[in-house]
Every structure is written in C-alpha cells, then in structure tokens.
Amino acid sequence: MSYQNELYQQVILDHNKNPRNFREIGDTAHSCNGHNPLCGDKINIYLKIAPGDVIEDVSFTGSGCAISKASASLMTTFLKGKTLAEAKVVFEEFHKMVLGDLDPATQQHHLGKLTIFQGVREFSSRIKCASLAWHTLICAIDKTGETTME
Ligand code: ZN
C-alpha cells in the first residue's frame, strides 16, 4: 500500500470513529438533507452564517458509509471561519479532484488536507459518497431543503 493510500485509510477510519461537528445547529435558516441513493448515504448539513458571509459554524448529522461520513466530518473542520465565496471555490476544486479533472500534485488549489480524497477518483461508485456533503453544503448555503445525488 502506498503512503497516500495508507494516509487515506487512516483519515477515513479516524473521522468515521470520531466524527467532528456531529450535531445539529438548531437556530439556523441554513440546513439541507442530502441523499445518495446509490449507496444509501444520508447526510444533513447545518450552517450558521455570520455577517460578511463568514461561516461561523457548520455541522452535520446522518448516516452513511465511512467515506461519506469522513468527508462530511473533514469538510466541517475545514470550512469554519471561511467565507461562502471561499467555500464555493473549494467545492468546485473538490468536485474536479474526485472526478480526476484536477491533479492536486501539479495544479494550483486551496484544498489543503482535503486532497486525501483524491484516491476516490479510482473508484467511481465512491465519488458520490465523497461529494455528498459538499453538494449538501451548497444546498444549505442557498436555502433550506433537500438534495439528491443524481
Ligand atoms: Zn457511500
């Protein structure tokens, strides 16, 4: 197993066992229920936005496979304190990375530790698991509602 794969496994296991920000935010107008029917993952994202479009708090609940949960957990730790504009840029980059259209080793990006998920591009059935939290985040930014991965 390569170093990158080993690191990936460790992060997935860690965040699955001890998910960060795994709770509801009650008093917010920004939340969304995301569903990935292919795998059965259901992730709810809660978002609190401060003046200046800064993400003051972000959390998740739900159930799903290890990758969907680890991705949601890592996303919440990454986004706190970022602006909505920054979050949208990272969403685009994350999406491109898991589809194999962005190589974090050679191209500029703002993904930081999220590059750990580049491994899913080799497992097409897992791409939606890794992206679910991000799609649900975008839904929660815009409105309260539901989103389903097509
Ligand atoms: Zn899944």
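In what order do the strands of the open sheet stand? The order is E3-E2-E1-E4, with 4 strands and mixed pairing. This is a predicted model, in which local features need pLDDT of at least 70 and side-chain atom pairs count only at pLDDT 80 or more, while totals for chains, interfaces and linings use all residues. Residues are numbered from 1 along each chain as its sequence is written, and side-chain values use heavy atoms, leaving out hydrogens and water.

**The sheet**
- E3 and strand E4 (145–148) stand at the edges with a single partner strand each, so one side of each lacks a neighbour in the sheet.
- Strand E2 (residues 41–50) and strand E3 (residues 54–63) pair in the antiparallel sense over 9 bridges; strands, which are DSSP runs of E with at least two residues, pair if DSSP finds at least two bridges between them.
- Ile 49 stands opposite Ile 55 in E3.
- The hairpin of E2 and E3 has 3 residues between the strands, and Gly 52 there takes a positive phi near 85°.
- Strand E1 (residues 30–36) pairs with E4 in the parallel sense over 4 bridges, and Gly 34 has Thr 147 in E4 as its bridge partner.

**His 15**
- His 15 lies in helix H1 (residues 3–17); helices are DSSP runs of H or I with at least four residues.
- His 15 counts as buried because its relative accessibility is 6%, where buried means under 20% relative accessible area with a 1.4 Å probe, protein chains only.

**Helix H4**
- Helix H4 (residues 124–142) has 19 residues and reaches 28 Å from its first C-alpha to its last.

Key
Expected span 1.5 Å × (residues − 1). Buried < 20%, exposed > 50% of the residue type's maximum accessible area, 1.4 Å probe, protein only.
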